[in-house]
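Trainee: May we go through this structure together, one point at a time?

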Amino acid sequence: MAGIKALVGLSFSGAIGLTFLLLGCGLEQYGVYWPLFVLFFYILSPIPTFISRRLSDDDSSSNACRELAYFLTTGIVVSSFGLPIVLARTTTIQWGACGLVMTGNAVIFLTILGFFLVFGGGDDLSWDQW
């Protein structure tokens, strides 16, 4: 039952994050949807970690493949926070929309982190049971 509650909580927080992102797009006067480009970062961010977990069988604390995956994931996350700032500085979007998109980014990436914490371990609660 704890797995169901975690899954429902993660889906709820993901919906809240996407709501902030869409509110950032709706804040514009002319329907500019440039902030939706951060969706690519949401899709790309877990891919290096999935690949490194698939390739590395070693559970040691230092693994080159896992460290590279963390580095690439960090670059993707930082880029997703940088894109709204660049768009706001070039007056493509308003600063209020930038704030809403950054809030949505924080919620979505915390949701992705929560997914890896809840379903990432090989304990009795894993993604394989779904």
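Mentor: A residue is called buried if its relative accessible area is under 20%, exposed if over 50%, and partly exposed in between, with a 1.4 Å probe and protein chains only. The model is predicted, so local features need pLDDT of at least 70 and side-chain atom pairs pLDDT 80 or more, while totals for chains, interfaces and linings use all residues. Residues are numbered from 1 along each chain as its sequence is written, and side-chain values use heavy atoms, with hydrogens and water left out.

Trainee: Is phenylalanine 109 buried or exposed?

Mentor: The limit for a buried residue is under 20%. Phenylalanine 109 has a relative accessibility of 11%, so the residue counts as buried.

Trainee: With which aromatic residue does phenylalanine 109 form a tilted pair?

Mentor: Rings of Phe, Tyr and Trp (its six-membered ring) pair if their centres lie within 6.5 Å; planes under 30 degrees apart are stacked, over 60 edge-to-face, and the rest tilted. Seven aromatic pairs are counted by this rule. In one of them the centres are 6.1 Å apart and the planes 40 degrees apart, and the partner of phenylalanine 109 is phenylalanine 81.

Trainee: How many residues apart are the two members of this pair?

Mentor: Helices are DSSP runs of H or I with at least four residues, strands are runs of E with at least two, and both are numbered from the N terminus. Phenylalanine 81 is in helix 4 and phenylalanine 109 in helix 5, so the pair links distant parts of the chain. Their separation is 28 residues.

Trainee: Which residues does serine 45 contact, leaving aside neighbours within four places in sequence?

Mentor: Serine 45 lies in the loop between helix 2 and helix 3, and is buried at 3% relative accessibility. Contact means heavy atoms within 4.5 Å. On that basis, the partners of serine 45 are Thr73, Ile76, Phe109 and Ile112.

Trainee: Within what arc do the buried residues of helix 3 fall?

Mentor: The buried residues of helix 3 are Pro48, Thr49 and Ser52. They line one face of the helix, because the directions from the helix axis to the C-beta atoms fall within an arc of 95 degrees.
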